[in-house]
Amino acid sequence: MRTKNIIEAAVAIIVCEAAGIAGSFFTAPSIPTWYADLIKGPLNPPSWIFAPVWTTLYALMGIAAYLVWKQGMHRRDVQIALVLFGVQLVLNMLWSYIFFGLRAPGLACVEVVLLWITIAATLWAFAKISKPAAWLLVPYIAWVSFAAYLNYTLWILNS
């Protein structure tokens, strides 16, 4: 792999990890306080599992974005795919703000549906450009599906 490619891949991963770090500014303070006091469903994993899962997912997202990016920013389909990717990344951060920052699980349920739809659109757009990039997003959409279930369960149990 050429140095330029390594740098571009690193940039893509760092951007995604930075989105996770941005979201953690709202998440981290609420976990030992507000979140700890919520009634949780039977499938709710322990809090410590979320950080390694999200760190891994952000890395996979970054690699996926890089695989699409390297196909050429001059291509309209690459531009559209990466705009969709950027939108879902912003929605990802926004979910953390709504759920943990605003402490609004009901509103977060609505937002996570929009996030899921945007991830699905991104996955579809990536698949047209790079099958490996699309496959790298499968764990992400699976986890967000599970997160949507957790979000809904927390909202219902704590309403």
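Helix H1 bends by about 40° at Ser24, the bend at a residue being the angle between axes fitted to the seven residues ending there and the seven starting there. Helices here are DSSP runs of H or I with at least four residues, numbered from the N terminus. The model is a predicted one, where local features need pLDDT of at least 70 and side-chain atom pairs count only at pLDDT 80 or more, while totals for chains, interfaces and linings use all residues. Residues are numbered from 1 along each chain as its sequence is written, and side-chain values use heavy atoms, with hydrogens and water left out.

What about the span of H1? The expected span of a helix is 1.5 Å times one less than its number of residues. For the 28 residues of H1 that works out at 40 Å, and the end C-alpha atoms are 40 Å apart, so the two agree. H2 gets the same kind of check: its 20 residues should span 28 Å, and its end C-alpha atoms do sit 28 Å apart, which agrees.

Next comes burial. A residue is called buried at under 20% relative accessible area, exposed at over 50%, and partly exposed in between, using a 1.4 Å probe and protein chains only. On H1, the buried residues are Glu8, Ala9, Ala12, Cys16, Glu17, Ala19, Gly20, Gly23, Thr27 and Ser30. They pack against H2 and H3, where contact means heavy atoms within 4.5 Å. Take Gly20, which has its place in helix H1: it counts as buried because its relative accessibility is 17%. Gly20 is 76 residues from Ser96 in sequence, yet in space the two are 9.1 Å apart, C-alpha to C-alpha.

H2 has its own buried set, made up of Trp54, Leu57, Tyr58, Met61, Gly62, Ala64, Ala65, Tyr66, Leu67 and Val68. The cover over these residues includes H1, H3, H4 and H5. Ala64, in helix H2, counts as buried because its relative accessibility is 0%. Setting aside neighbours within four places in sequence, Ala64 is in contact with Phe126, Ala133, Leu136 and Leu137. Along the chain, Ala64 and Trp135 are 71 residues apart, but their C-alpha atoms are separated by 8.3 Å.

Back on H1, there is Ser30, which counts as buried because its relative accessibility is 4%. Apart from neighbours within four places in sequence, Ser30 is in contact with Tyr35, Ala36, Phe100 and Arg103. Most residues other than glycine have a negative phi. Arg103 is not a glycine, although its phi is positive, at about 55°. Arg103 counts as partly exposed because its relative accessible area is 40%. Ala104 is also found in the loop between H3 and H4, and it counts as partly exposed because its relative accessibility is 22%. Leaving out neighbours within four places in sequence, Ala104 is in contact with Ile98 and Phe99.

Finally, the pockets. On a 1 Å grid over the protein atoms alone, a pocket is an open set of points where a 1.4 Å probe fits, with protein on both sides within 12 Å along at least five of seven lines; lining residues have an atom within 4 Å of a point. Points are joined across faces, edges and corners, and a volume is the space filled by probe spheres set on them. The largest pocket holds about 620 Å³ of space. Its lining has 31 residues, with Thr27, Phe50, Trp54, Trp95 and Phe100 nearest the centre. Helices H1 (3-30), H2 (50-69), H3 (76-101), H4 (105-129) and H5 (131-157) each supply at least two lining residues, and H1 gives the most, with eight. By class, this lining has 20 nonpolar residues, ten polar and one charged; Ala, Val, Leu, Ile, Met, Phe, Trp, Tyr, Cys and Pro count as nonpolar, Asp, Glu, Lys and Arg as charged, and the others, Gly among them, as polar.

The second largest pocket has a volume of about 160 Å³. Lining it are Val11, Ala12, Val15, Cys16, Ala65, Trp69, Leu82, Phe85, Gly86 and Leu89. H1, H2 and H3 are the elements that give two or more residues to this lining, and its classes come to nine nonpolar, one polar and no charged residues.
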